[in-house]
Amino acid sequence: QLQASGGGLVQAGGSLRLSCAASGRTFSSYAMGWFRQVPGKEREFVAAISGRGASTYYTDSVKGRFTISRDSAENTVYLRMNSLKPEDTAVYYCAADLAYVRVQQRPEYWGQGTLVTVSS
């Protein structure tokens with residue numbers, strides 16, 4: 001089970017940190033990812049991190065601004081979002097999959113979303 005939190009309202013240029021707490025004892029076996037969705041649009045990939053955190057990958061629009069990380073002791077994955085823009089406004093979802101490549105495309109497990117709103 002995945003539980004996302006940390007969304008909210010922030011001004012453009014501001015920062016937020018999203019968290020996704022995972023239940024279970026095999027957290028490090030799973031690659032983790034973040035996606036986002038704007039109403040009326042398809043859900044899009046944002047960032048991914050491999051099971052032990054050695055590899056990360058980002059969509060071009062967030063490179064240099066967002067950082068994905070994980071804490072195995074806390075069974076939690078984070079998405080630090082800096083220099084936020086109004087176009088980052090979306091519902092953000094965390095996801096998990098045993099395969100690092102698949103978590104970027106069609107992850108097996110999804111958490112509920114958390115809304116991020118960036119005002120101009």
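Arg36 is buried, at a relative accessible area of 6% (buried, under 20%; exposed, over 50%; partly exposed, in between; 1.4 Å probe, protein chains only). The structure is a predicted model, in which local features need pLDDT of at least 70, side-chain atom pairs count only at pLDDT 80 or more, and totals for chains, interfaces and linings use all residues. Residues are numbered from 1 along each chain as its sequence is written, and side-chain values use heavy atoms, without hydrogens and water.

Arg36 pairs with Glu44 in a salt bridge whose closest N and O atoms lie 2.6 Å apart (salt bridge, a side-chain nitrogen of Lys or Arg within 4 Å of a carboxyl oxygen of Asp or Glu). Glu44 is partly exposed, with 33% relative accessibility. A network of salt bridges links Arg36, Glu44, Arg65 and Asp88. In the whole structure, five salt bridges are found. Among them, Asp97 and Arg102 have their closest N and O atoms 2.8 Å apart; Asp97 is buried at 1%, whereas Arg102 is partly exposed at 40%. Another joins Lys63 to Asp60 at 3.0 Å between the closest N and O atoms. Here Lys63 is partly exposed at 46% and Asp60 is exposed at 60%.

The protein comprises one helix and eleven strands (DSSP runs: helices, H or I, at least four residues; strands, E, at least two), in the order β-β-β-β-β-β-β-β-β-α-β-β from the N terminus. Of the 120 residues, 43% are buried. Among contacts with a separation of 6 or more, 57% are between residues 24 or more positions apart (contact, heavy atoms within 4.5 Å).
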